[in-house]
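Welcome! Please take a moment to look over the structure below before reading on.

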Amino acid sequence: MISLSKTSSLLLCALGTFPIVANAQDKPRLILQITVDQLRGDLPTRYLDQLGEGGFRYLLEQGIHYNNAHHTHANTETIVGHTSLATGANPAAHGMVGNLWYDHTAGRTVYNIEDADYSILTSGADVDDTTEIDPTQRAATSEGRSPRTILTSTFGDELAVSTVGQAKVFGVSIKDRGAVSMAGHAGKAFWFSKAAGQFVTSNYYYDAYPTWVEDWNAKGLPQSYSGQSWELLNPIGTYMFGEHDDQDWEPDFAGFGRTFPHPLGTTEDTYYTTMLTLSPFGDQMTADFAKTLVDAEGLGDDDVTDFLSVSFSVTDYVGHFFGPSSLEAEDNLLQLDRTLADLFAYVDAEVGLENTLIVLTADHGAPEAPGYLASIGMPGSYVSPDEWDTAPAIERIKTRFGITGPLFEGYDHPYLTLAADVRDNPEIDRVALETAIADELVSFEGVAYAVPSSRLREGSLPDNALMQAVLNNYHPDRSGDIYVVFQPESFINDMDGLSVTVTHGSPWRYDTFVPILFAGQGISPQTVSRRVHPIDVALTLSVLAGTRPPSGATGEVLLEVLGQ
């Protein structure tokens, strides 16, 4: 059996053996953390022969490549992975159990970083419900954003504490949750508003925009792509998927098309900024904003270590629509490689790579499209929980427990939540009910496991890696009543009415598998195939910067990064 005390033991072990770096000259002037959203661990080397110089190749050939890194939590979604990277903790501690969770106090599903107390500084920059393709963002009922729902400290927070606030800490991303989570409580976050076509922030961070942000937005880089198309970087015959441009399972979203070139449309078009973020241009403008930030804020200008997180989101959007084994995903990675090379060259000129520590990893991996798997003789499928509440097996459970209304409040991946009047009914044995539901769900098409929260609370689970990952994802105030694990290569492809090709969020290895790459100051090239975890990154950075470990961190220090 797994005991909740195991997490406590790991925490005590990590804290008890935590080494401290004392010499200021050993510390980098800038830590640049790159998170590539949905970059599965095999993808940087899959197209190695096509990569240029200075980007992924620089990291792979001059850095430390951990090629067997896996997230330790079960729900491999964006906010969960980003916050785990930032805190060195699992969701059981940091609390970000999913992009969405059901808030019983509010009586509704909430978006992970929404905060009505802190409004976006730009009027009209909130999510546009009529054009937003991310259903998790549409769930927010407030335009406000802040990191207050993150329950533990981040590496950036600890850097600010240890330097008496002198360290400059920033997070930048297309996605609000990608920027806010990495900036932490003490840093500053900027993200791209598709509604406004600008990078924005909230008054949690600033009372007014810095002049350099206003100047960057005024130059209109996002608008400058109007009328352009996403075209292939190289001749089509040089691509692994060059003969597979038009695949039946790919959607044609709003005229973006299934084949190259993919038109963005113009600024007058409803989905222009969405198309922008569905193309390599989205990452290019993110990098341009980050470079402007480095210069304007003077990152790396003195001996106090600064921290900049840049989360690149386009790989995730492209993966959802086209899948990782597609011409679009292949070309996007090659174009991201050029974007990274340009960013690294800029940092080299401004700060010096010899003074900079770069770490690149990902918030999660991705499955393959069922259509692609079928083309090579492998199984894969789409599933839907929409009709579970009316299934005959569920009706029998309702009769057994005397439930006349709906049994479920809803499904917010990966949790099935009981209806409020069912949860609050003192005459219903919750443990027995959850167990009965879980026993029936495993017979439903596409369901591999259903884990009652009562068993998670008790820690009474089989002692295996998958169940430990589910336990690592459990937070008593935010997790639903049944954790659902779908069969391998089976997942929900409906995003609030929009059919997509691929959706991540499982504990299976293709979703937990990510690269971890360190390069720059003091790094000697090597490849490490020992099993490591993304929660190790924050602890390793804390050692290098000489800070306390983040408050909930349970990872281990990556000794190779320390030259050991």
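## About the model

This is a predicted model, in which local features need pLDDT of at least 70 and side-chain atom pairs count only at pLDDT 80 or more, while totals for chains, interfaces and linings use all residues. Residues are numbered from 1 along each chain as its sequence is written, and side-chain values use heavy atoms, with hydrogens and water left out.

Look for Tyr 66 in strand S2, residues 64–70 (a strand is a DSSP run of E, at least two residues, numbered from the N terminus). Tyr 66 counts as buried because its relative accessibility is 0% (buried means under 20% relative accessible area with a 1.4 Å probe, protein chains only).

Beyond its neighbours within four places in sequence, Tyr 66 is in contact with residues including Val 514, Phe 518, Arg 530 and Glu 560 (contact means heavy atoms within 4.5 Å). With Glu 560, Tyr 66 makes a side-chain to side-chain polar contact at 2.8 Å (a pair of N or O atoms within 3.5 Å, one able to donate a hydrogen and the other to accept it; residues adjacent in sequence count only if both atoms are side-chain atoms).

## Spaces inside

The whole structure holds 3 cavities of 30 Å³ or more (a cavity is a set of points on a 1 Å grid where a 1.4 Å probe fits but cannot get out, and lining residues have an atom within 4 Å of a point). The largest cavity is lined by 22 residues, with Val 127, Glu 132, Phe 192, Ser 193 and Lys 194 nearest its centre. Strand S6 gives the largest share of that lining, 3 residues.

Definitions and conventions:
Helices (H or I, at least four residues) and strands (E, at least two) are DSSP runs, numbered from the N terminus. Buried means under 20% relative accessible area, exposed over 50%, partly exposed in between (1.4 Å probe, protein chains only). On a 1 Å grid over the protein atoms alone, a cavity is a set of points where a 1.4 Å probe fits but cannot get out, and a pocket is an open set with protein on both sides within 12 Å along at least five of seven lines; lining residues have an atom within 4 Å of a point. Grid points are joined across faces, edges and corners, and a volume is the space filled by probe spheres set on the points.
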